[in-house]
Amino acid sequence: MNKEIVDDKTMKRTLTRITYEIIEKNKGNQNLVLIGIKTRGAYLAKRIKSRLYQLEDIEVPQYDLDVTNFRDDHPEMTNNEQPQFTSEDVNGKNVVLIDDVLYTGRTIRAALDAIMSIGRPSKISLAVLVDRGHRELPIRADYVGKNIPTSHKELIKVSMAEIDDEDKIEIITN
């Protein structure tokens, strides 16, 4: 059973609010870098970058990150994709790491490992569209679109127009 909990207009408002929070906490764009975790986090990062430009007329570097090679819970998974950013892109910068759903924290840990293997940012913040709870690691988001408490049996499905032809968030119950 699927239950839509966020529609396209609500998702747009949520991303605008997250963008404003990033602006407020970072006081401008100097040293700001956005890194989106593939797949949907990368699209969210692109949207936030666009909103930053629309709202504040600031251009912020944005990169995509595939964390497959840094995961500890899927050691058999490997790919040869290298991060598209270098140490010069992140050293001394305020990085905002962006993902769609925060669940156990393992994806975020893998992303932190990937970023730290390349360079040394002065600060890393986390922005997520949905925080569903059930953390296995001590990780929390600095910017949260929606807190949606779930059971372990439920799934959160984030659909994005870029790949799913529509924007919405659903809870899927088996």
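**Close-up views of a predicted model**

**View 1. The order of the elements.** Starting at the N terminus, the protein runs β-α-β-α-β-α-β-α-β-β-β-α-β. That gives 5 helices and 8 strands; helices (H or I, at least four residues) and strands (E, at least two) are DSSP runs, numbered from the N terminus. This is a predicted model, where local features need pLDDT of at least 70, side-chain atom pairs count only at pLDDT 80 or more, and totals for chains, interfaces and linings use all residues. Residues are numbered from 1 along each chain as its sequence is written, and side-chain values use heavy atoms, with hydrogens and water left out.

**View 2. The overall fold.** The C-alpha trace spans about 45 × 40 × 30 Å along its principal axes. Of the 174 residues, 48% are buried, meaning under 20% relative accessible area with a 1.4 Å probe, protein chains only. Take the contacts (heavy atoms within 4.5 Å) between residues at least 6 apart in sequence: 68% of them join residues at least 24 apart.

**View 3. A look at Thr-150.** Here's the loop between strand 6 (143-147) and strand 7 (154-159), which holds Thr-150. Is Thr-150 buried or exposed? Thr-150 is buried, because its relative accessible area is 11%.

**View 4. The partners of Thr-150.** Setting aside neighbours within four places in sequence, Thr-150 touches Arg-132, His-134 and Ile-156. With Arg-132, the link is a polar contact between the two side chains, at 2.8 Å. A polar contact is a pair of N or O atoms within 3.5 Å; within protein, one must be able to donate a hydrogen and the other to accept it, and residues adjacent in sequence count only if both atoms are side-chain atoms.

Methods. Buried < 20%, exposed > 50% of the residue type's maximum accessible area, 1.4 Å probe, protein only.
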